[in-house]
Amino acid sequence: MDKKKLRYAILKEIDNGNNNLTEKEFDVTEEQFDEAVRFLGREGYIKGFMYADNRPWLFDGAAYATEKGEEYLSSNSKFAKTYKGIKEFRSWLSL
């Protein structure tokens, strides 16, 4: 699993307004997804997510990309050129 790609994809989806996300959309484990969301929050790339049952949760309209998160998205042009969206995430991981 490429952690950087997973983090980028989650952040990109949140920035696009798709913030009702779980590990199922990315076909990763609960632990991989939770760690990616925790990282994004800890580093200040996202805000507005909640914790319940010792897990971070992304709900409709709550999570959003911060200015730092938006800068991260724009500074990662190699990912921006190849990431086509959540439906193609699995194939994008292998690139």
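Author: Gladly! Buried means under 20% relative accessible area, exposed means over 50%, and partly exposed lies in between (1.4 Å probe, protein chains only). This is a predicted model, in which local features need pLDDT of at least 70 and side-chain atom pairs count only at pLDDT 80 or more, while totals for chains, interfaces and linings use all residues. Residues are numbered from 1 along each chain as its sequence is written, and side-chain values use heavy atoms, with hydrogens and water left out.

Reader: Why is E23 called buried?

Author: Its relative accessible area is 13%, and the cut-off is under 20%, so E23 counts as buried. E23 sits in helix α2 (residues 23-26); a helix here is a DSSP run of H or I with at least four residues, numbered from the N terminus.

Reader: What makes the link between E23 and R55 a polar contact?

Author: Their side chains are joined at 2.8 Å. The term asks for a pair of N or O atoms within 3.5 Å; within protein, one must be able to donate a hydrogen and the other to accept it, and residues adjacent in sequence count only if both atoms are side-chain atoms. The 2.8 Å pair of E23 and R55 therefore qualifies.

Reader: How do you know that the buried residues of α4 are on the same side?

Author: The buried ones are G69, Y72 and L73. They cover an arc of only 100° around the axis, so they share one side of α4; the arc is that of the directions from the helix axis to the C-beta atoms. On the other side of α4, E67, S74 and S75 are exposed.

Methods: Helix = DSSP H or I, 4+ residues; strand = E, 2+ residues; numbered from the N terminus.
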